[in-house]
Amino acid sequence: MGRLEGKAAFVTGAAGGLGRSYVQRMAEEGADLVIVDICRPVDTVPYRLSSPEELSEAVEEVEALGRRVVARQADVRDRDALQEAYDAGLAAFGQIDVVVANAGIAPLLVDDRVQAWHDAIDINLTGTFHTIEVAVPSMIDADRGGSIVIVSSTAGLVGIGGASNGGLGYAASKHGVVGLMRTYANNLAPHSIRVNSVHPTGVATRMVADPVMAEFVAQDPILSEGSPNALPVDTVEPDDVANAVLWLASDEARYVTGVTLPVDAGFINRR
């Protein structure tokens with residue numbers, strides 16, 4: 001049996017990058033999936049976001065592993081659309097046991113704009129709040145316990161991100177979801193629903209590899225100086241983060257709640 005056999009998971013930002021890796025690992029371990037992605041550009045995000053075609057590819061990957069999947073194109077800023085996606089999955093599977101609040105952006109623009117702050121807060125922080133809120137009532141009613149994993153960043157634990165509107169919004173939003181995590185962990189503990197956050201360093205995804213992101217980092221001396229991590233790697237792999245999310249989602253972490261879990265190659269420890 002897989003580590004998530006008999007469970008269903010709701011994952012946002014699921015069509016590409018880290019979200020796609022979470023979906024793959026959870027399907028490999030037996031979970032059925034409800035997957036959501038915006039699948040269109042956001043004006044203040046300089047790198048390419050996922051496409052409808054990539055959401056369809058994610059569906060095919062889950063089905064190839066013999067798991068069931070419900071997919072929806074939805075923006076986490078739109079609570080009604082997110083609720084519709086969640087409810088479709090709930091109707092298909094009967095319960096949702098795991099929530100991965102992953103959808104997020106890094107609006108790090110060389111040509112700085114105030115809107116970048118608002119988009120970071122609206123998507124990364126309010127979108128995480130929406131993701132959890134649409135799921136919690138049915139998880140409580142089911143009385144099966146469960147696991148909620150919030151994907152934050154090393155920028156959610158230390159003061160990095162630069163001085164731009166987007167950089168400040170990114171750091172503030174990633175710190176903000178830690179406050180949500182700790183409060184939800186207390187609120188939901190009586191229902192045996194665990195809530196934790198994961199904090200990756202740079203990950204070898206399309207976002208990090210994009211030339212515009214490299215340009216942003218290069219023009220900020222605080223971000224560009226020295227090697228980022230204590231271990232001799234510049235980035236970690238998506239599977240490294242996916243394995244941490246999988247562990248927190250599984251019963252192996254059944255008594256782990258309220259934890260900020262770095263997957264950071266020692267980034268935070270050397271600060």
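Student: Is the crossing of helix 1 and helix 9 right-handed or left-handed?
Tutor: This is a predicted model, where local features need pLDDT of at least 70, side-chain atom pairs count only at pLDDT 80 or more, and totals for chains, interfaces and linings use all residues. Residues are numbered from 1 along each chain as its sequence is written, and side-chain values use heavy atoms, with hydrogens and water left out. Helices here are DSSP runs (H or I, at least four residues), numbered from the N terminus. A crossing is left-handed if the near helix is turned anticlockwise from the far one by less than a right angle, and right-handed if clockwise; for helix 1 and helix 9 it's right-handed.

Student: At what angle do helix 1 and helix 9 pack?
Tutor: Helix 1 covers residues 17-28, helix 9 covers residues 238-249, and their axes (lines fitted to C-alpha atoms over the stretch in contact) are 9 Å apart. Angles run from 0 to 180 degrees between N-to-C directions; under 35 counts as roughly parallel, over 145 as roughly antiparallel, 65 to 115 as roughly perpendicular and the rest as oblique. Helix 1 and helix 9 are therefore oblique to each other, at about 55 degrees.

Student: How do the residues of the contact of helix 1 with helix 9 divide?
Tutor: Contact means heavy atoms within 4.5 Å, and among the residues that meet are Y22 and R25 in helix 1 and P238 and D239 in helix 9. For the classes, Ala, Val, Leu, Ile, Met, Phe, Trp, Tyr, Cys and Pro count as nonpolar, Asp, Glu, Lys and Arg as charged, and the others, Gly among them, as polar. The contact of helix 1 with helix 9 splits into 8 nonpolar, 2 polar and 2 charged.

Student: Is helix 1 roughly parallel or roughly antiparallel to helix 2?
Tutor: Helix 2 spans residues 52-64, and the axes of helix 1 and helix 2 come within 10 Å and cross at roughly 15 degrees. That makes the pair roughly parallel.

Student: How many charged residues has the contact of helix 1 with helix 2?
Tutor: R20, V23, Q24 and A27 in helix 1 meet E54, E57, A58, E61 and V62 in helix 2. By class, there are 4 nonpolar and 1 polar, and the charged residues number 4.

Student: At what angle do helix 3 and helix 4 cross?
Tutor: Helix 3 (residues 79-93) passes helix 4 (residues 114-142) in a right-handed crossing. Their axes come within 9 Å, and the angle is roughly 40 degrees.

Technical notes: Helix = DSSP H or I, 4+ residues; strand = E, 2+ residues; numbered from the N terminus.
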